[in-house]
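Please open the structure in a viewer and keep the selection panel at hand. The stops below proceed from the whole chain to individual residues.

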Amino acid sequence: MSTAGTTEMTDDRAALIKRAFRLEYITLAWMTIEAAVAIGSGVAADSLTLTAFGIDSLIELASATVLIWRLTVELRHGQTFAENAERTASRIGGALLFALAAYVVASAGWRFWMRQGAEFSLSGLALSVLAIPTMYFLARQKLRLANALGSRALRADAVESITCGWLAFVVVGALVAQFLVGAWWVDPLASLGVVWFVIREGREAWQGEDCCDQHCK
């Protein structure tokens with residue numbers, strides 16, 4: 001009877017982990033599209049806000065890849081080994097996000113100095129609008145699975161999805177303002193709004209899952 005209970009628990013956990021893998025594969029697919037469209041649209045429109053959004057997507061793409069690797073390693077070698085490896089990867093991701101924030105601030109300052117704006121991007125707007133419900137769905141599903149599995153790594157990844165959703169709100173607001181106002185200063189000003197979310201995301205990645213635990217409470 002005890003053995004049967006253990007087997008049932010193991011099967012349930014395996015099913016949950018398979019769901020986590022599916023969510024991360026969806027994340028990988030979406031982040032690949034998001035990064036390609038945002039960066040491409042950003043370069044075409046000379047938009048710092050869209051380009052920064054795309055680079056952030058690339059960093060989140062790397063984060064999702066690390067989580068898939070971590071789940072695989074945990075199944076094979078145990079949780080402690082996976083946590084140590086992921087902690088290093090998270091700090092690298094945090095450092096990249098801080099570097100992105102510094103780049104955006106410097107570029108925004110230069111654009112203010114040169115009075116350089118950006119063009120409106122319809123493809124960038126469409127992508128950003130789609131990103132909001134997509135990130136909301138992924139974040140909710142990841143948080144549910146994180147609680148069921150007791151996985152702090154998956155909870156941390158869910159927080160990144162939440163941040164990406166809010167970041168998409170900023171981009172949508174910036175592009176709508178660009179369309180309505182058409183002023184040169186809209187894009188560099190909006191990019192500074194992006195910086196706040198990038199820094200928060202970088203801080204969460206650098207400090208690790210404890211920070212994400214507090215964020216989700």
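The model is predicted, so local features need pLDDT of at least 70 and side-chain atom pairs count only at pLDDT 80 or more, while totals for chains, interfaces and linings use all residues. Residues are numbered from 1 along each chain as its sequence is written, and side-chain values use heavy atoms, with hydrogens and water left out.

**Whole protein.** Display the cartoon. The secondary structure comprises seven helices and zero strands; helices (H or I, at least four residues) and strands (E, at least two) are DSSP runs, numbered from the N terminus. Of the 217 residues, 47% are buried, where buried means under 20% relative accessible area, exposed over 50%, and partly exposed in between (1.4 Å probe, protein chains only). Switch to the surface: the accessible area is about 10,900 Å², and 66% of it belongs to carbon and sulfur atoms. These areas come from the Shrake-Rupley method with a 1.4 Å probe; for residues, only the protein chains shown count as cover. Among contacts (heavy atoms within 4.5 Å) with a separation of 6 or more, 78% join residues 24 or more positions apart.

**The core.** Select Phe53 and Leu154, which have the most contacts inside the largest nonpolar core, a group of 45 residues. Such a core is a set of buried Ala, Val, Leu, Ile, Met, Phe, Trp, Tyr and Cys residues joined through side-chain atoms within 4.5 Å. At least two of its residues come from each of α1 (2-45), α2 (48-77), α3 (79-114), α4 (122-149), α5 (152-181) and α6 (186-207). The largest share, 10 residues, is supplied by α2.

What does Phe53 touch, not counting residues up to four places away in sequence? Its partners include Glu34, Ala38, Leu127, Ala131, Cys164 and Val171.

**Helix α4.** Now select α4 and centre on Ala131, where the helix bends by about 25 degrees; Pro133 follows within four residues. The bend is the angle between axes fitted to the seven residues ending at a position and the seven starting there. Just after α4, Gly150 takes a positive phi of about 70 degrees.

**Two loops.** Move to Asp46, in the loop between α1 and α2. Its phi is near 55 degrees, a positive value in a residue other than glycine. Asp46 counts as partly exposed because its relative accessibility is 32%.

Finally, select Arg115 in the loop between α3 and α4. Arg115 is not a glycine, yet has a positive phi of about 55 degrees. Is Arg115 buried or exposed? At 56% relative accessibility, Arg115 counts as exposed.
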